[in-house]
Amino acid sequence: MTEISSKKSTSSGGSVSSGAGSPYTPRKKLFPESVQVHLDDEFELPEINKYTKQTPVELIKAITASNHIVFDFTLFEHGLPRMPKGNELGILSNLFPTQFALTVVPPMLTIHVRTLPPKPWPLTVAGLPLYLTTDEWSTGYDHGRQGTGPKVLTHLNAKLRVTKGIFEAAVKFFETEVKVDVDYIQWTTGQWKISVADGTSLMNVPSQLAGVLCRYVFASKEVRPPEAALRLLQPTSTVRDDTQYNDLRPGVMVSSGVFSDPSHVVPPRPELYTTSGVLVKNNEGELFITVASHGFPLGEETAYHPTPSGRVIGKVERRLGETDIALVRPDPGLIYTNEIFANPGTTTGKVVTGIRNWEDIQLYSTVYMENPFTGYAEGQFLGVRYQRLPADEPAPLLPWVYQTWLYMGQGTIGEPTDGSCGSVVVDEEGFALSFFRWKDMQGHAIGVSATVLENYGFQIA
């Protein structure tokens, strides 16, 4: 018998308070009363019927009510994902009805089923991100194609950990030795994924770099979701927190104004809704609020909360290159603090006091995000992407930028939606790791590293 701990971290039907003495009104509830919270429900895993192979009802209920299925074993050991062994395989082979196979192809644990179960689904199982599919060949991640060139940068070691120095050496090698245009280089334990220009011969590019396998994708084949701000064209049944808060903090709704071209050349466009980030300061002590730059197009710099019919909170004064981070100078008298909304099961929210360098966070760590469109959301840190930025100027401050690679799940409660852009992603201690940008259909997400703020001379206020 194995003990299972089914841990759920989703918003409850009740109001979420920021604690006694807090100046904030509670977060408007984002989920129906039927959604309950069981933060730490442990029980003995019932025996699987060896004749029918049916998944026990108790287990089905626990799985659908949990973000994390935690056993007394983990599939992430010594810095590497691994396949289940012995009795572990029997336990994991009967988690879902109609399940017929499972595999671990880093970074994912993929479970194959005949019919997808009702959502929500867990974010992780046995320490690894879960991908559910009816496709017997899918692994939940496009690894790309193997390069067949030489092994390079063999004096460096990226098998279990990557550093800025290794990324920079890799970029320099591609630019000066192979002379191949690279859009991004992405790392997770045991593999590189490198986006190269169409037509690049995979016979000439490295097969290994710093001791790690290299796989390649062609830039034109990459389907990246747009960085979507939410447009509320008509009132809908979408649940969102459009409360107008007196005192502001990370995770509240912000919007541009309604666009109208006086010359009538460009058709009118509704306002764009995104999510507020953190309060930062520069070396002179001036304060700014981070927002998603694409939510405030050029010429539409006025920021409102929560809607244009609400209040003006300031204006976008600076954009940090092509990172999608913009800075709003708050209007005089505006109160903004870096205490995020309280997580379910707690009475006070995390206070963002600093920036977490991606070099200092362990792979597969749980990360957190709060926004007005999903409320509380969780993800997993899977790796790092070094992204080339487009630039109109000949020498931009940041020709490349570090981005965090996150897994936000396929069907979890709190899964990011349009409008989540700009949300600060924090670690267990509340340090800012990144700012959410986009998520694909398989649950993989990208956020620009919060270290970008330091590059531009800003720190958490």
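How many cavities of 30 Å³ or more does a search of the whole structure find? The search finds four. Before you start clicking, note that this is a predicted model, in which local features need pLDDT of at least 70 and side-chain atom pairs count only at pLDDT 80 or more, while totals for chains, interfaces and linings use all residues. Residues are numbered from 1 along each chain as its sequence is written, and side-chain values use heavy atoms, with hydrogens and water left out.

**Stop 1: the largest cavity**

A cavity here is a set of points on a 1 Å grid over the protein atoms alone where a 1.4 Å probe fits but cannot get out, and its lining residues have an atom within 4 Å of a point. Select Thr290, Val291, Ala292, Thr323, Asp324, Ile325, Gly422, Phe435, Phe436, Arg437 and Val448 to show the lining of the largest cavity. Strand 19 (287–292) and strand 27 (432–439) are the elements that give two or more residues to this lining; strands are DSSP runs (E, at least two residues) and helices are runs of H or I, at least four residues, numbered from the N terminus. The space inside comes to about 60 Å³, a volume being the space filled by probe spheres set on the grid points.

**Stop 2: Glu175 and Arg388**

Next, look at the salt bridges: the structure holds eight. Each is a side-chain nitrogen of Lys or Arg within 4 Å of a carboxyl oxygen of Asp or Glu. Select Glu175 and Arg388, whose side chains meet at 3.7 Å, N to O. Glu175 sits in helix 3 (residues 164–178) and Arg388 in strand 24 (residues 375–388), 213 residues apart.

**Stop 3: Glu286 and Arg329**

Now select Glu286 and Arg329, a salt bridge with its closest N and O atoms 3.2 Å apart. Glu286 is in the loop between strand 18 (279–281) and strand 19, and Arg329 is in strand 22 (residues 325–330), so the bridge ties together parts 43 residues apart in sequence.

**Stop 4: Arg356 and Glu429**

Move on to Arg356 and Glu429, another salt bridge, where the closest N and O atoms are 3.3 Å apart. Are these two residues buried or exposed? Arg356 counts as buried at 18% relative accessibility, whereas Glu429 counts as exposed at 55%. The cut-offs are under 20% relative accessible area for buried and over 50% for exposed, with partly exposed in between (1.4 Å probe, protein chains only).

**Last stop: a network**

Finally, select Glu77, Arg82 and Glu88, which salt bridges with shared partners join into one network.

How values were computed
1 Å grid on protein atoms, 1.4 Å probe; cavity = no way out; pocket = protein on both sides within 12 Å on 5 of 7 lines; lining within 4 Å.
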